[in-house]
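Subject: Structure for you to look at

Hello,

Here is the structure I promised to pass on. Please open it next to this email, and then read my notes below.

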Amino acid sequence: MASSMAFAVMLLSVTTVLSVPIQMDWGVNPDLVNFHPIQQGTEHIKLMVVMVGDSIDLECQVAFATHPVSEIRWKINGDPEIKPEKPIMRTKTGDVFLEDHLKIDKITEEMDGSTVSCEYA
């Protein structure tokens with residue numbers, strides 16, 4: 001009896017629309033791999049390869065955020081994802097650091113080729 005496994009490959013990016021110098025990145029996740037070839041401006045683009053039916057918890061990190069803190073927006077294929085949880089905010093020597101999570105339950109085959117973005121505006 002042959003078994004089949006289905007995978008979903010998704011493109012992830014972090015972006016900011018502010019002109020202030022902040023740093024954004026993805027949290028450590030073994031399902032995220034660098035997008036190749038890495039070129040200037042593509043450092044924060046990752047590929048995610050997951051099994052259909054799996055769940056994943058994505059972490060977006062913002063360092064040296066503006067104060068007051070702006071909103072972190074998650075989008076899947078350009079559509080906003082509304083989530084009730086607020087980002088975790090830490091302050092160290094006057095600098096603001098944010099950590100936000102998006103949990104995607106039950107990855108489907110239809111998600112293959114999707115784009116997930118974390119935006120700080």
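Start with Trp 26. This residue is buried, because its relative accessible area is 6%, and buried means under 20%. Trp 74 is buried too, with a relative accessible area of 2%. Keep in mind throughout that this is a predicted model.

**The aromatic pairs**

How many aromatic pairs does the structure hold? There are 2. One of them joins Trp 26 and Trp 74: the ring centres are 5.9 Å apart and the planes meet at 45°, so this pair is tilted. The cut-offs explain the label: under 30 degrees counts as stacked, over 60 as edge-to-face, and the rest as tilted. The two tryptophans sit in distant parts of the chain, 48 residues apart. Trp 26 belongs to strand S2 (residues 23-26), and Trp 74 to strand S6.

Phe 64 and Phe 97 form another aromatic pair. Their centres are 5.3 Å apart, with 55° between the planes, and this pair is tilted as well. Again, distant parts of the chain are linked: Phe 64 lies in strand S5 (residues 56-65) and Phe 97 in strand S9 (residues 95-104), 33 residues apart. Phe 64 has 36% relative accessibility, so it counts as partly exposed. Phe 97, at 27%, also counts as partly exposed.

**The overall build**

Now step back to the whole protein. It has 0 helices and 10 strands. Read along the sequence, the pattern is therefore β-β-β-β-β-β-β-β-β-β. Of its 121 residues, 34% count as buried.

Strand S10 (residues 115-120) is mostly covered, with 5 of its 6 residues buried. S10 pairs with S6 in the antiparallel sense, over 5 bridges. Find Lys 75 and look across: Ser 117 in S10 stands opposite.

**The largest pocket**

S6 turns up again here. The largest pocket has a volume of about 270 Å³. It is lined by 15 residues, and the closest to its centre are Glu 71, Ile 72, Arg 73, Glu 81 and Lys 83. Which strands each supply at least two residues of the lining? They are S6 (72-76) and S7 (79-81). S6 gives the largest share, 4 residues. By type, the lining divides into 6 nonpolar, 1 polar and 8 charged residues.

**A loop residue**

Next, look at Val 28. This residue lies in the loop between S2 and strand S3 (32-34). Val 28 counts as exposed, because its relative accessibility is 87% and exposed means over 50%. Its C-alpha atom is separated from that of Leu 58 by 8.9 Å. Along the chain, Val 28 and Leu 58 are 30 residues apart.

The protein averages a pLDDT of 80, and 81% of the residues score at least 70. Which element has the lowest mean pLDDT, and which the highest? Strand S1 (residues 7-16) has the lowest, at 64, while S7 has the highest, at 92. Where pLDDT is low, the predicted coordinates should not be read in detail.

Best wishes

Technical notes: Residues numbered from 1 in each chain as written. Predicted model: local features only at pLDDT ≥ 70, side-chain atom pairs only at ≥ 80, totals over all residues. Heavy atoms only, no water. 1 Å grid on protein atoms, 1.4 Å probe; cavity = no way out; pocket = protein on both sides within 12 Å on 5 of 7 lines; lining within 4 Å. Points joined across faces, edges and corners; volume = space filled by probe spheres on them. Nonpolar A, V, L, I, M, F, W, Y, C, P; charged D, E, K, R; others polar. Phe/Tyr/Trp six-rings, centres within 6.5 Å; stacked < 30°, edge-to-face > 60°. Buried < 20%, exposed > 50% of the residue type's maximum accessible area, 1.4 Å probe, protein only. Pairing = 2+ DSSP bridges. pLDDT = per-residue confidence, 0-100.
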